[in-house]
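Here's a quick briefing to read with the structure open.

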Amino acid sequence: MPEIRVTPLGAGQDVGRSCILVSIAGKNVMLDCGMHMGFSDDRRFPDFSYITQSGRLTDFLDCVIISHFHLDHCGALPYFSEMVGYDGPIYMTHPTQAICPILLEDYRKIAVDKKGEANFFTSQMIKDCMKKVVAVHLHQTVQVDDELEIKAYYAGHVLGAAMFQIKVGSESVVYTGDYNMTPDRHLGAAWIDKCRPNLLITESTYATTIRDSKRCRERDFLKKVHETVERGGKVLIPVFALGRAQELCILLETFWERMNLKVPIYFSTGLTEKANHYYKLFITWTNQKIRKTFVQRNMFEFKHIKAFDRAFADNPGPMVVFATPGMLHAGQSLQIFRKWAGNEKNMVIMPGYCVQGTVGHKILSGQRKLEMEGRQVLEVKMQVEYMSFSAHADAKGIMQLVGQAEPDSVLLVHGEAKKMEFLKQKIEQEFRVNCYMPANGETVVLPTSPSIPGGISLGLLKREMAQGLLPEAKKPRLLHGTLIMKDSNFRLVSSEQALKELGLAEHQLRFTCRVHLHDTRKEQETAMRVYSHLKSILKDHCVQHLPDGSVTVESILIQAAAPSEDPATKVLLVSWTYQDEELGSYLTSLLKKGLPQAPS
Amino acid sequence: MKIKKRFCHSYCLSGHPTLPCNVLKFKSTTIMLDCGLDMTSTLNFLPLPLVQRYVLMHPKTKQTELIDLSTVDVILISNYHCMMALPYITEHTGFSGTVYATEPTVQIGRLLMEELVNFIERVPKAQSASLWKNKDIQRLLPSPLKDAVEVSTWRRCYTMQEVNSALSKIQLVGYSQKIELFGAVQVTPLSSGYALGSSNWIIQSHYEKVSYVSGSSLLTTHPQPMDQASLKNSDVLVLTGLTQIPTANPDGMVGEFCSNLALTVRNGGNVLVPCYPSGVIYDLLECLYQYIDSAGLSSVPLYFISPVANSSLEFSQIFAEWLCHNKQSKVYLPEPPFPHAELIQTNKLKHYPSIHGDFSNDFRQPCVVFTGHPSLRFGDVVHFMELWGKSSLNTVIFTEPDFSYLEALAPYQPLAMKCIYCPIDTRLNFIQVSKLLKEVQPLHVVCPEQYTQPPPAQSHRTDLVIDCQPPATSYRRAEVLTLPFKRRYERIEIMPELADSLVPMEIKPGISLATVSAVLHTKDNKHVLQPPPRPAQPTSGKKRKRVSDDVPDCKVLKPLLSGSIPVEQFVQTLEKHGFSDIKVEDTAKGHIVLLQEAETLIQIEEDSTHIICDNDEMLRVRLRDLVLKFLQKF
């Protein structure tokens, strides 16, 4: 029995280090290769030894697909390809291919240069890893090999984020990566056609949340920022360099312009300029409005937002600072946070999801005394606000996507177990499909029954279609033909054609039965009586009386003969071929019962 | 009619091989391939002041009898030059289908149309005459006016509103995207290497493949290289849009362009380059970017004047995914893919929507001006021709191959300014075509008749034709062509339950057969074979049925039989099954087996068996089954 097997190595009932193994029709595909931000030991990378105990990964995996550039989806890639060893193709979109190596280098620097980790991947490894990447266009059908094909759909989560369809013959799986079903200030909404996959693997970060309208959240955000700077406070917004940052920058930029504000806005790290440049060059991946107006005004050229310098953090007076990384687990955002945390006038706004174990997660769950390195305790007096700006689909959006794609079953990843449970029930109820939520290392097996593709000869098909036009076509009709199987090629042809193609002659099998009748009349008259009798009974059949005196019912021939020995008896010779056996044998039994008395 | 249906027809609506417009009927789908606008008719008019708004000819009118445009299901666009007639096709014709094109094609196509509309609208409208289109009046006009072809098909230029409406009917597609049309046909655009977003198209079903090659290039300029591999295994390859200047080498022309430009500027003259606002101009600017410093021309201003100049320069930078590898990797840095960004930044290149406004303040001579329209009949180029034409210091350099430069210049004669003809046409030449065809190996090639004979001006150049085996089938304008392939098979899906129930038997090594009795379901042009429904349980104990209810349904088909019956073995089998008193007689063609006791006669020949017996159904069935044991069923 063919089956699809799915094993999450990461992101199974968890957020972080997304990595999902899929086996479909004998092909093995790895979806994403991420790192976990909550860990800094072995657990930060997926356990690749699970994939195959013996042999090289390249021999086992047909391809690797990366959905977008966030490190929890691509952070383990150089480790996987260069240190564990994989030389096969890695597929991602053009923007992902452009931005991914920069974030990986950034990640490496923090890990090696700042934390002093040994045995980490090197810059050269990132370069070598990126050489294995094959860039894909949206909606392009990429033929990985003769059988395996993949296709990217717009996911709207960050620049270049894509959902992927993995297809072999008539079996397919869709992996959403992270996606967003509502367009925001810089990206469009995720979209997929009614591709009816056997399985939809979807993220479920906000499995239980139904978010209010984006407008309200934006107004709230602006109000909080505005109030804080009005009273002279500093606002820290921890973000990842690419993605939400650009959306919030556009938001603040337009607000500052409208309100004519002079309070400085800074964006940390050298990435900013570069990041915005990527948005300008890949503007075709942004939303319609930005794409339409970019010639007149490029939304990614900010007037009010300046580059941040470390020294600015100690400047007096209000300011707004975007700093990386987004979960306050390291780097500049954490440094600024430590400086500003003690002042109740200041505010930190967490615009996205924070993984367990990060400072961001701790302060969001209400912790106000944080233990830092060196047993220091940091007291948090500044206001902590959470605004869900991360571009994930909420429960409504997930249901919407399931409705769009119409899968046979659904599998949840990238979420918390408890919330998944809730969504699982909802999906099963609403769509009447099975929904799975495997933990890491747990395998889901889905039996499939793919139909077998073949060819039908046009002659046979047209004959059938012509009959299909007849009035009785409503009831199912049987098509009869011969399937010729050569190699893995299947062709259905008419039996006559099959014989001809194979150079075989038809063997005709014919039956002739003698039916004795008591009838004193002449043969011709007997035949006439047979004709009128059959004509009256067989309304649906073609009954004919031929000039030579014989009677035909369809292709069955009936002749009357007078045996010389007994003039009172007539013999009916009923003759038919094997193909008309039912009718022939029916006719003989009918005639055996005798003919009705002729009306006198 | 029936035979006709099995073929695939191609209707040619355009006589211009580089501005094709063909309609393909394939599996009950009507597909229009490109809709180029032939603008050579503008050469019949005087420049600007006298150009009426009747300037455009489009391939529609005369051929409407050939095909009803409202029946066109889809239009496939191969590049932005080949969509200029789109508003004529999609607007006011009853067209209700979909147009497919790549994003750069649409965006740049929009710019070209916008520029055209803008140029035409700027033309002073003195009086609009139309009587000249009347055949009787045209006859009386002096030559060459009276010889102008098909004046009645000349149309007014469309409006921006019509352009927008036409463009809204376009669905964007990416290279190698498989697009299903009505479940019957699949179309796929492939990179053609000629321009940003330019595509060739594959039109295929599961058993037939037509490749439409239009405007392709094997040279490395800015677009993504041509995808040749996907064109393999075509039944038919339609070849259009070859180079219009088969004897010129584009690289050499670019070199000549630069040296002539440098020469003129050094002598204090101005250079005028009549051009389209997108395409080759990007390559020319890139050449100049590398060239001007080394030639000591860095202080000479480059002006690009077009209502869409700014948009064109901006758009060129955002299509990273459609560019050649070199330019793509620049975007990854991230840097703009085209160096004209730097030319603009350093103020070496300036762009203006028209000669009015800012340009008149900034204008410095000597300079280089890129502007349209290349026909020299409208657009700002007309002003520069008038301004600079009288001085032999100045030079006009023709790079666009669409118009004859002599005809374009005719109304400006006598002209003191130098004229240089450096046509740059990167599309395939005949040598490249024969290489391509050898590589791709289509079963048949179909092309415009112009490609099967040498150009009229160079009739001795027998090498300037398409050379392939079997010889290409040619078509001419307004011709209906039956494409030379026959459809034999249609795709079918066999449900797994049915497949499991089949009993294959090996007939020859590697070939197995199975007889199939199944139910055919057809929906949206997809055919699915399902297992036959289970026979309904006989209702027992019900009242006696009427006789006619017993009439068997003859639709339950019996298989065909094949093989032959060895008489000796057959007789042995009969004996084994209790028949005695068997007599075998030889006949001319075989044998007769007599079962004397049962008064039964079995005639056995090579290809037939005939059982003649009394009306004893039991006996007949027994004999039948014994016979069938020796035969194969189909």
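**How the chains meet**

In this predicted model, 87 residues of chain A touch 93 residues of chain B. Putting the two together buries about 8300 Å², and 60% of that comes from carbon and sulfur atoms.

**Interface details**

- On the chain A side, Leu281(A), His507(A) and Arg514(A) give up the most area to chain B, together 10% of what that side buries.
- Arg514(A) also pairs up with Asp614(B) in a salt bridge, at 2.9 Å from N to O.
- The rule picks out 4 salt bridges across the interface of chain A and chain B.
- Sorted by class, the chain A side that touches chain B has 39 nonpolar, 29 polar and 19 charged residues.
- There are 38 residue pairs in polar contact between chain A and chain B, both at pLDDT 80 or more.

**Cysteines**

**Met327(A)**

- You'll find Met327(A) in the chain A loop between strand E15 (319–323) and helix H10 (331–340).
- Met327(A) is buried, with a relative accessible area of 7%.
- Leaving aside neighbours within four places in sequence, its contacts include Met37(A), Phe240(A), Tyr353(A) and Gly360(A).
- Lys362(A) is 35 residues away along the chain, with a C-alpha separation of 10.0 Å from Met327(A).

Key
Residues numbered from 1 in each chain as written. Chains lettered and ligands numbered in written order. Predicted model: local features only at pLDDT ≥ 70, side-chain atom pairs only at ≥ 80, totals over all residues. Heavy atoms only, no water. Helix = DSSP H or I, 4+ residues; strand = E, 2+ residues; numbered from the N terminus. Buried < 20%, exposed > 50% of the residue type's maximum accessible area, 1.4 Å probe, protein only. Contact = heavy atoms within 4.5 Å. Buried area = accessible area lost by both parts, 1.4 Å probe. Salt bridge = Lys/Arg side-chain N within 4 Å of Asp/Glu carboxyl O. Polar contact = N/O pair within 3.5 Å; in protein donor to acceptor, adjacent residues only side chain to side chain. Nonpolar A, V, L, I, M, F, W, Y, C, P; charged D, E, K, R; others polar.
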